[in-house]
Amino acid sequence: MLGLVLLYWIGKYFYKLAEEYDKSKWGFTILGIVVYYVGTFLFAIILIFGAEIFSPGYFDDVNEKLIDLICLPFGLLSCYLLYSYLKKTWEKNKPNPDKLIDEIGKPSDQIIS
């Protein structure tokens, strides 16, 4: 149940971000959820391989829920990094409406980008 609530909040933030910058809302919602799962999966693989190299057989007796809880912050971190990257990139590429208003009526060869 906690996992569904977490996925809801991740999707909600990506949905609002995409809505604010007129991008594909559901596409970026799904992307945010996929990035969460990929982040947790990659860290789990790194954690398990690292532990098996230094202490063989350590994860044979460890509960899977414990591994999920250890990997949860890294999935959230990967979502946060993607969210920050998208917001920064989209903010930089957002057109300035004041500049666009001044260019109304000018020939296309005189418009400064």
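Because the model is predicted, local features need pLDDT of at least 70 and side-chain atom pairs count only at pLDDT 80 or more, while totals for chains, interfaces and linings use all residues. Residues are numbered from 1 along each chain as its sequence is written, and side-chain values use heavy atoms, with hydrogens and water left out.

**Exercise 1. Describe the overall fold and how much of the protein is buried.**

Solution. Begin with secondary structure, where helices (H or I, at least four residues) and strands (E, at least two) are DSSP runs numbered from the N terminus. The protein has four helices and zero strands, and along the sequence this reads α-α-α-α. Next, take burial, where buried means under 20% relative accessible area, exposed over 50% and partly exposed in between, with a 1.4 Å probe and protein chains only. Of the 113 residues, 26% count as buried. Finally, consider contacts, meaning heavy atoms within 4.5 Å: among those with a separation of 6 or more, 62% come from residues 24 or more positions apart.

**Exercise 2. Compare the UniProt "transmembrane region" annotation with the model.**

Solution. The unreviewed UniProt entry lists residues 26-54 and 66-86 under this name; such annotations may be inferred rather than shown by experiment, and the positions are given in the numbering used here, with feature names shortened. In the model, residues 26-54 are 100% helix and 0% strand, with end C-alpha atoms 42 Å apart. Residues 66-86 are likewise 100% helix and 0% strand, and their end C-alpha atoms lie 31 Å apart.

**Exercise 3. Is Ser78 buried or exposed, and what does Ser78 touch?**

Solution. Ser78 lies in helix H3, residues 64-92. Its relative accessibility is 19%, and therefore Ser78 counts as buried. Not counting residues up to four places away in sequence, Ser78 touches Val35, Tyr36 and Gly39.

**Exercise 4. Classify the aromatic pairs Tyr8-Trp9 and Tyr15-Trp26.**

Solution. A pair of aromatic rings is described by the distance of the centres and the angle of the planes. Rings of Phe, Tyr and Trp (its six-membered ring) pair if their centres lie within 6.5 Å; planes under 30 degrees apart count as stacked, over 60 as edge-to-face and the rest as tilted. The structure holds eight such pairs. For Tyr8 and Trp9 the centres are 5.4 Å apart and the planes stand at 75°, so the pair is edge-to-face. Tyr15 and Trp26 are also edge-to-face, with 5.4 Å from centre to centre and 65° between the planes. This second pair links distant parts of the chain, as Tyr15 is in helix H1 (residues 2-20) and Trp26 in helix H2, eleven residues apart. Tyr15 is partly exposed at 26% relative accessible area, whereas Trp26 is exposed at 59%.
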